[in-house]
Amino acid sequence: MELSVVISYFPRLLDGAWVTMQLVVLSIVLGAIFALPIALARISASPFVRVFPFLYIFFFRGTPLLVQIFLVYYGASQFDVVKESIFWPILREPFWCAIIAFTLNTSAYTAEIFRGAIQAIPVGEVEACKVVGMTRVQMYRRVLLPRAFGIVLPAYGNEIILMLKGSALASTITLLDLTGMARTIIARTYTPIEIFMAAGVIYLAISMIVIAIFKQVEKRQNRYLGPISIKIPDKG
Amino acid sequence: MIDLHGFGNQLLQGAVITVELAFASLIVGLILGLLGASAKLSSIKVLQWIANTYTTIIRGIPELLTVLIIYFGATSVLMGIASWFGYEEYIEIGPFVAGVTALGLTFGAYATEVFRGALQSIPKGQHEAATALGMGNVRKFYRVILPQVWRVALPGLGNLFLVLLKDTALVSVVGLDDIMRKANIAVSSTKEPFLFYSAAACMYLVLTIVSMVVVHYMEKKASRGIKRT
């Protein structure tokens with residue numbers, strides 16, 4: 001083991017970690033935005049509406065993320081229509097291709113999580129909303145979505161961790177994320193174990209931070225479920 | 001089968017490798033998972049610590065990184081061990097063995113948690129009844145505990161297998177001739193990436209559907225005699 005290599009290249013690994021963070025945060029935020037309408041369409045009463053989100057989710061959960069990245073990054077360039085369109089400057093960039101693939105992927109998983117959470121809300125609460133005369137939009141905005149947010153947190157934390165780990169695949173389309181940077185350094189120094197281990201430690205550290213943050217948010221969001229502490233006033 | 005510019009057969013061969021890799025990793029992972037769960041539930045502190053470290057590390061780093069570490073690292077580790085025994089030749093680990101090791105380790109870490117939950121769900125009375133009948137620990141485990149653990153753990157293991165199936169694609173990065181790498185080869189000679197990556201995606205979808213059907217059938221079989229709620 002040569003720790004000196006790790007120390008001298010550590011700043012560059014951190015540069016890679018920064019790219020990884022950008023990838024994860026951007027795709028998670030965009031993914032959540034897309035996931036909500038997909039989830040709502042998935043629980044629609046009409047089978048015709050339901051089938052599209054079902055197929056979308058089935059495709060993105062049933063194929064490897066690696067295939068999806070390659071389809072976006074290499075696949076799009078097969079068509080001249082795409083190359084001549086205004087989207088080409090975006091689809092040419094590995095960074096944006098990774099974002100597109102990750103967003104599509106995570107929104108499929110997130111939609112299922114959202115759906116599960118909305119369906120986990122007791123029917124009585126929906127009925128109560130109707131009884132007090134709320135419209136559908138009011139019901140979702142005031143009751144169902146805030147309730148779903150609390151239910152969703154543990155599963156959603158897992159999804160972020162999975163996305164963080166999945167983001168390592170960006171290195172296969174020449175992006176210098178944490179894994180990509182590690183591979184570049186190794187090509188120069190021939191110390192695969194040391195550098196990959198260091199990268200692994202950084203991934204671990206990031207996921208521990210995510211887990212800690214989620215623990216706090218969960219505690220706050222679900223504080224109404226927590227142990228009730230009643231202060232009994234002293235007699236006398 | 002569609003011809004795909006003559007690469008259809010190549011992709012099918014890749015699918016065979018993918019399936020072989022998935023099953024080999026599954027077996028390694030199931031064994032590791034059972035060992036890990038037993039270690040976590042044992043009263044020996046060292047075993048608990050080893051199992052906890054194992055699951056924390058493997059679940060915290062990307063699967064791709066695990067594959068790369070095993071592929072590049074295992075060679076030097078093995079050579080280090082071999083040189084203790086006085087063996088100085090060069091040892092090389094192929095992508096298949098590296099893939100099975102990495103994916104088996106990954107599956108094992110997640111399966112540890114699934115098995116732990118399942119083992120804990122077996123009522124204490126079952127253990128006591130088996131002991132009362134005079135069964136030894138080994139017989140108790142595979143006659144009474146394991147069949148019930150299997151039933152509880154199956155849905156979780158089924159999910160893990162689907163994840164494993166998709167993770168096999170990562171081993172193409174270190175040169176295994178699976179579906180993904182065959183697709184890459186086809187793309188580099190035909191310049192039709194969309195066609196071949198779509199074909200690869202379809203093959204993974206077919207494998208996913210088949211596995212889902214098989215898991216469903218196994219769940220049904222494991223739960224026979226149990227009232228459905």
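Biologist: In which helix of chain A is Val82(A) placed, and how is a helix assigned?

Modeller: Helices (H or I, at least four residues) and strands (E, at least two) are DSSP runs, numbered from the N terminus. Val82(A) lies in helix H4 of chain A, residues 80-84. This is a predicted model, in which local features need pLDDT of at least 70, side-chain atom pairs count only at pLDDT 80 or more, and totals for chains, interfaces and linings use all residues. Residues are numbered from 1 along each chain as its sequence is written, chains are lettered from A and ligands numbered from 1 in the order in which they are written, and side-chain values use heavy atoms, with hydrogens and water left out.

Biologist: Which residues does Val82(A) touch, not counting residues up to four places away in sequence?

Modeller: Contact means heavy atoms within 4.5 Å. By that criterion Val82(A) touches Ala76(A), Trp88(A) and Leu91(A).

Biologist: Which residues of the largest nonpolar core touch the most other members?

Modeller: In soluble globular proteins, nonpolar side chains tend to be buried together. A nonpolar core is a set of buried Ala, Val, Leu, Ile, Met, Phe, Trp, Tyr and Cys residues joined through side-chain atoms within 4.5 Å. The largest one here has 128 residues, and Leu13(A), Leu23(A), Ile69(A), Phe102(A) and Met180(B) touch the most other members. Beyond its neighbours within four places in sequence, Phe102(A) is in contact with residues including Leu23(A), Leu65(A), Ile69(A) and Met163(A).

Biologist: How many salt bridges does the whole structure hold?

Modeller: Side chains of opposite charge can pair when their charged atoms come close. A salt bridge is a side-chain nitrogen of Lys or Arg within 4 Å of a carboxyl oxygen of Asp or Glu. Over all chains there are 7 salt bridges. One of them joins Glu112(A) to Arg42(A), with the closest N and O atoms 3.3 Å apart. That pair links distant parts of the chain, 70 residues apart: Glu112(A) is in helix H6 (residues 94-120) and Arg42(A) in helix H1 (residues 3-42) of chain A. Glu112(A) counts as buried at 14% relative accessibility, as does Arg42(A) at 17%.

Biologist: How far apart in helix H4 of chain B are Glu113(B) and Arg116(B)?

Modeller: An α-helix has 3.6 residues a turn, so residues three or four places apart point the same way. Glu113(B) and Arg116(B) are 3 residues apart in helix H4 (residues 95-121) of chain B, which means that about one helical turn separates them. They form a salt bridge with the closest N and O atoms 2.8 Å apart. Glu113(B) is buried at 18%, whereas Arg116(B) is partly exposed at 27%.

Biologist: Is the pair Asp177(B) and Arg181(B) buried or partly exposed?

Modeller: Asp177(B) is partly exposed at 31% relative accessibility, and Arg181(B) is partly exposed at 30%. Their salt bridge has its closest N and O atoms 3.1 Å apart.

Biologist: How much area do chain B and chain A bury between them?

Modeller: Buried area is the accessible area (1.4 Å probe) that two parts lose on being put together, summed over both. Here it is about 2,800 Å², with 80% on carbon and sulfur atoms. The contact takes 36 residues from chain B and 33 residues from chain A. Between the chains there is 1 salt bridge, in which Lys165(A) pairs with Glu63(B) at 3.2 Å between the closest N and O atoms. On the side of chain B that touches chain A, H8(B) supplies the largest share, 11 residues.

Biologist: How many helices and strands does chain B have?

Modeller: Chain B has 8 helices and 0 strands. Of its 229 residues, 44% are buried. Its C-alpha atoms fill a box of roughly 70 × 55 × 25 Å along the principal axes.

Note on methods: Buried < 20%, exposed > 50% of the residue type's maximum accessible area, 1.4 Å probe, protein only.
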